[in-house]
Amino acid sequence: MPLKLAVLSTSRIVAEFMDHLAEMPEIEVTALCCRPQSEAKAKAMAQAHGVPRVFTDEDACYAAGGFEAVYIGTANHLHYAAAKKALEAGYHVILEKPFTATAAEARELFGLADRKGVILFEAITTPYLPAYRFLQENIAAIGPVRGAMASFCARSARYDDYLKGIWNTTFDPACNGGALNDMNVYNLHYFWGLLGMPESCEYHPSRGANGIDTAGTVVLHYPDFCAVALAAKDSESEKFASIQGPGGYLVLHGGTNSLDEVYSVLGGVRGGGKRTDCPPAARHRMAYEFAEFARIVAEKDRAAEAEARTRTLAVMELLDRLHAADVQ
């Protein structure tokens, strides 16, 4: 049986999720919930995707029921309160990244989930993609890591509005916006799952007029090497990542949220070596995470739940450290 889901918000990420529901037989959306001013948008979305009910009040939605879990795709600064309300109502929760504003908030929500006997997940595509398993399986073959880099930059559709002084949450520090809390979250998950927790870290932002980090470079210091992660919302570049060692290297062409083209090159020197390509993904990038969430709930897989929680808390703690290590 598919996991019955209520979806909170009509945001861009929610629209992308809804547009690819056909690739997610493990999920059935039975309700949409939104702000009153977004009701018309939600009704159009519900009609387009066969969702039977639309609510403009979370309490009414949760009281009506008819689903097991809530997917929250609200603006960043609303994540904590929205997740808390859904957990208190007794539902499993799938919470978009960035998970919360701080690691302390994340720990509080996980504690609440435990008390309620439900599961709390972070909606983060990277670790659930088949290409990520390929990277994990091949990283030992390159030998001791000697360097790593990632770049995930995309000029935001809202950047021009920001330059004109038109307010939006994406470029508001009070709304947990900015490049570190957006694309660099994917870079951090990418590196943490392959390299572990760094000994120290720095964040070098490029700031807009209101202090928001429109772009920024993360430096992660490991005992024998550094990893560098660039993210930008004010400019474009090719999206890529590379991890290298004396035995070869791992390459990603594409964003760290989708892992579009991944391959390893092992052995050889000066451009030699054997290239092995990871097969391309068969489904949309979000399908893999939601399939796994549905499986964990259905099978009550506590080990997989614990692994996901460990990953989320580690990245949240790393985000805390990076915000504190912000080099002005």
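This is a predicted model: local features need pLDDT of at least 70, side-chain atom pairs count only at pLDDT 80 or more; totals for chains, interfaces and linings use all residues.
Started with the core. The largest nonpolar core holds 103 residues, and Phe17, Tyr71 and Leu195 have the most contacts inside it.

**Tyr71 and its surroundings.** I looked up what Tyr71 touches, leaving aside neighbours within four places in sequence. The contacts include Leu5, Ala6, Val7 and Leu8, then Ile13, Val14 and Phe17. Further along the chain, Tyr71 is also in contact with Ile94, Glu96, Ala123, Met286 and Phe290. Phe17 and Phe290 turn up again in the ring search: they form one aromatic cluster with Tyr71, Phe121, Tyr128 and Phe293.

**Ring pairs.** I got 17 aromatic pairs for the structure. I picked out Tyr159 and Phe171, which make a tilted pair, 5.6 Å centre to centre with 50° between the planes. What does this pair tie together? Tyr159 is in helix H7 (residues 159-163) and Phe171 is in the loop between H7 and helix H8 (183-195), so the pair links parts 12 residues apart in sequence. I checked burial for both partners: Tyr159 counts as buried at 13% relative accessibility, and Phe171 also counts as buried, at 2%.

**Charges over rings.** I found Arg275 over the face of Tyr263, 3.5 Å from the ring centre. I also noted Arg283, whose charged end sits over the ring of Tyr288 at 5.6 Å from its centre.

**Cysteines.** How many disulfides are there? The count is 0. I went to Cys33 and Cys61 to see why. The closest cysteine sulfur to that of Cys33 is in Cys61, 4.6 Å away, which is too far for a bond; the cut-off is 2.5 Å. Cys33 is buried at 4% relative accessible area, and Cys61 is buried at 0%.

**Helix H2.** Next I went along H2 (residues 39-49), where Ala42, Met45 and Ala46 are buried. Down the axis, the buried residues of H2 fall within an arc of 100°, so they line one face of the helix. What covers them? The cover includes helix H1 (12-19), strand E2 (27-33) and strand E3 (53-55). On the face turned away from the buried side I noted the exposed residues Ala40, Gln47 and Ala48.

Definitions and conventions
Residues are numbered from 1 along each chain as its sequence is written. Side-chain values use heavy atoms; hydrogens and water are left out. Rings of Phe, Tyr and Trp (its six-membered ring) pair if their centres lie within 6.5 Å; planes under 30 degrees apart count as stacked, over 60 as edge-to-face and the rest as tilted. Helices (H or I, at least four residues) and strands (E, at least two) are DSSP runs, numbered from the N terminus. Buried means under 20% relative accessible area, exposed over 50%, partly exposed in between (1.4 Å probe, protein chains only). A charge sits over a ring if NZ of Lys or CZ of Arg is within 6 Å of the ring centre and within 35 degrees of the ring normal. A nonpolar core is a set of buried Ala, Val, Leu, Ile, Met, Phe, Trp, Tyr and Cys residues joined through side-chain atoms within 4.5 Å. Contact means heavy atoms within 4.5 Å. The arc is that of the directions from the helix axis to the C-beta atoms.
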